[in-house]
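This report looks at a few selected residues and at a set of annotated positions. The model is shown below.

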Amino acid sequence: MSAAQKPQIVFVLGAPGSGKGTVCKNIVDNYKFVHLSAGDLLREEQNTEGSEHGDLIKEYIKLGKIVPVEITCGLLKRAIEKSGSSHFLVDGFPRNQNNLDGWEKVMSECVDVKFVLFLDCTEEVCTQRCLNRGAQGSGRTDDNLDSLKKRFNTYSNETMPIIKHYDGKSMVRRVDSDRTLPEIFEDIKKIFTPLVSES
């Protein structure tokens, strides 16, 4: 299978509350991408009756820990195959070295990773957004101060090195997501318009 025929993947990474879901929705609305959120797929799986991994996923999410890569990769692979599309935003993955190694092992031959969209946002702004989301009834068990502290630690210690890894390969497109959505989207357009025209 040539690179042109493989599904094109853009990883979307950033701290909790950096706007990954909102930005992805905007890209989906304006470009022909399918949005796959690792977190949403895991939450969906944990709520699926009879799921063999449901309880395990629930426990990991509650503790702010990263779910074993075999589970997450399996869910992503299934979603990519099921969708029949060729352009994907994979949001909130890979979150650590183990995720990256697992992805390389399972997926590197069958997809083409174009770049990492890094939503760079201060911890203060991110925390406030998550707390507001929780107060508005996001239904997420991890949108509270205790879980957020753990999630930010995990992000700094485990996800930032992954962003640096891709940066070393000139595969990171950084967008300052402290700003309003229209301002953020101006930068997104500069990144995605050329990508879509070449495919």
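## Asn26

In this predicted model, Asn26 is buried, because its relative accessible area of 18% falls under the 20% limit. Asn26 belongs to helix 1, which covers residues 20-30. Apart from neighbours within four places in sequence, Asn26 has contacts with Leu181 and Phe185.

## Annotated binding site

An unreviewed UniProt entry gives a "binding site" made up of Arg43, Lys65, Ile66, Val67, Gly92, Phe93, Pro94, Arg95, Arg140 and Arg151. Of this set, Arg43, Lys65, Ile66, Val67, Gly92, Phe93, Arg95, Arg140 and Arg151 are part of the lining of the largest pocket.

## Gly92

Gly92, one of the positions listed by UniProt, sits in the loop that joins strand 3 (87-91) and helix 5 (97-107). With a relative accessible area of 4%, Gly92 is buried. Gly92 is also among the residues lining the largest pocket.

Which residues does Gly92 contact, leaving aside neighbours within four places in sequence? They are Val12, Leu13, Lys20 and Ala38.

## Pro94

Pro94 is likewise in the UniProt "binding site" list and lies in the loop between strand 3 and helix 5. Its relative accessible area is 0%, so Pro94 counts as buried.

Not counting residues up to four places away in sequence, Pro94 touches Phe11, Leu13, Asn99, Leu100, Thr159, Ile162 and Tyr166.

How values were computed
Residues are numbered from 1 along each chain as its sequence is written. This is a predicted model: local features need pLDDT of at least 70, side-chain atom pairs count only at pLDDT 80 or more; totals for chains, interfaces and linings use all residues. Side-chain values use heavy atoms; hydrogens and water are left out. Helices (H or I, at least four residues) and strands (E, at least two) are DSSP runs, numbered from the N terminus. Buried means under 20% relative accessible area, exposed over 50%, partly exposed in between (1.4 Å probe, protein chains only). Contact means heavy atoms within 4.5 Å. UniProt positions are given in the numbering used here, feature names are shortened, and annotations may be inferred rather than shown by experiment. On a 1 Å grid over the protein atoms alone, a cavity is a set of points where a 1.4 Å probe fits but cannot get out, and a pocket is an open set with protein on both sides within 12 Å along at least five of seven lines; lining residues have an atom within 4 Å of a point.
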